[in-house]
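I opened my notebook to look around a new structure. Here is what I looked up, entry by entry.

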Amino acid sequence: MSRQACINRLYKELFNTVLSIAILVIASIMILISLFSKMFGGNEMYEVGSLLVSAVNETHKVNAGEKFLLKDLFKGYEWNRISRSDRLLLGTLFLNHVNTSKIGILAVEKTTSGQQQYVKE
């Protein structure tokens, strides 16, 4: 491998690492905001940051080679309680996390209804 190719690879890995850290920091900040809003009278049941953490944690229960949708990582009634706008934001954050982190999940084709499918490696 040439020197330039090695440098490019290192830059790409550094970029992916920084991006992953940024996503985790944003999720952490969202969780803190959620906690403060609940402590001081906030009435929102779900916050997107904590939902992202929950979804990522739930992927550990998915079998290798198994296809799934983001909503499969939640109980039906939990998913239905999340507002549409928060579900869309959560989907964007989850896809970004999958594409920038090495968590063993790949984004594959979308369903006919436009939902992103994932598969565990």
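Is E109 buried, partly exposed or exposed? I looked it up in this predicted model, and E109 is partly exposed, with a relative accessible area of 41%. It falls in the middle class because 41% lies between the cut-offs of 20% and 50%.

**Entry: the partner of E109.** I followed the side chain of E109 and found it in a salt bridge with K67, at 2.6 Å from N to O. K67 sits in strand β1 (residues 67-69) and E109 in strand β2, so I noted a link between distant parts of the chain, 42 residues apart. K67 is partly exposed too, at 47% relative accessible area.

**Entry: the other salt bridges.** How many salt bridges does the structure hold? I wrote down 3. One joins the side chains of R9 and E13, at 3.2 Å from N to O. Both residues lie in helix α1, 4 residues apart, which is about one turn of the helix. E13 is partly exposed, with a value of 35%. Another salt bridge joins E58 and K61, whose closest N and O atoms are 3.6 Å apart. Here I found E58 partly exposed at 26%, while K61 counts as exposed at 61%.

**Entry: the core.** Next I turned to the largest nonpolar core, which has 20 residues. The members that touch the most others are L52, F68, L70, L73, F74, L90 and F94. Helices α1 (3-39), α2 (48-58) and α4 (84-100) each supply at least two residues, and the largest share, 5 residues, comes from α2. I then picked L90 and skipped its neighbours within four places in sequence: it is in contact with V48, L51, L52, L70, F74 and W79.

**Entry: the largest pocket.** I looked for open space and found about 410 Å³ in the largest pocket. Of its 15 lining residues, R87, L88, G91, Q115 and Q116 are the closest to the centre. Both α4 and β3 (116-120) give two or more residues to this lining, and α4 gives the most, with 6. By class, I listed 6 nonpolar, 5 polar and 4 charged residues.

**Entry: the second largest pocket.** What is the volume of the second largest pocket? It is about 240 Å³. Among its 14 lining residues, V98, N99, T100, S101 and K102 are the closest to the centre. The elements giving two or more residues are α1, α4 and β2 (105-110), with α1 giving the most, 4 residues. The lining has 4 nonpolar, 7 polar and 3 charged residues.

Technical notes: Residues numbered from 1 in each chain as written. Predicted model: local features only at pLDDT ≥ 70, side-chain atom pairs only at ≥ 80, totals over all residues. Heavy atoms only, no water. Core = buried A, V, L, I, M, F, W, Y, C linked by side-chain atoms within 4.5 Å. Buried < 20%, exposed > 50% of the residue type's maximum accessible area, 1.4 Å probe, protein only. Contact = heavy atoms within 4.5 Å. 1 Å grid on protein atoms, 1.4 Å probe; cavity = no way out; pocket = protein on both sides within 12 Å on 5 of 7 lines; lining within 4 Å. Points joined across faces, edges and corners; volume = space filled by probe spheres on them. Nonpolar A, V, L, I, M, F, W, Y, C, P; charged D, E, K, R; others polar. Salt bridge = Lys/Arg side-chain N within 4 Å of Asp/Glu carboxyl O.
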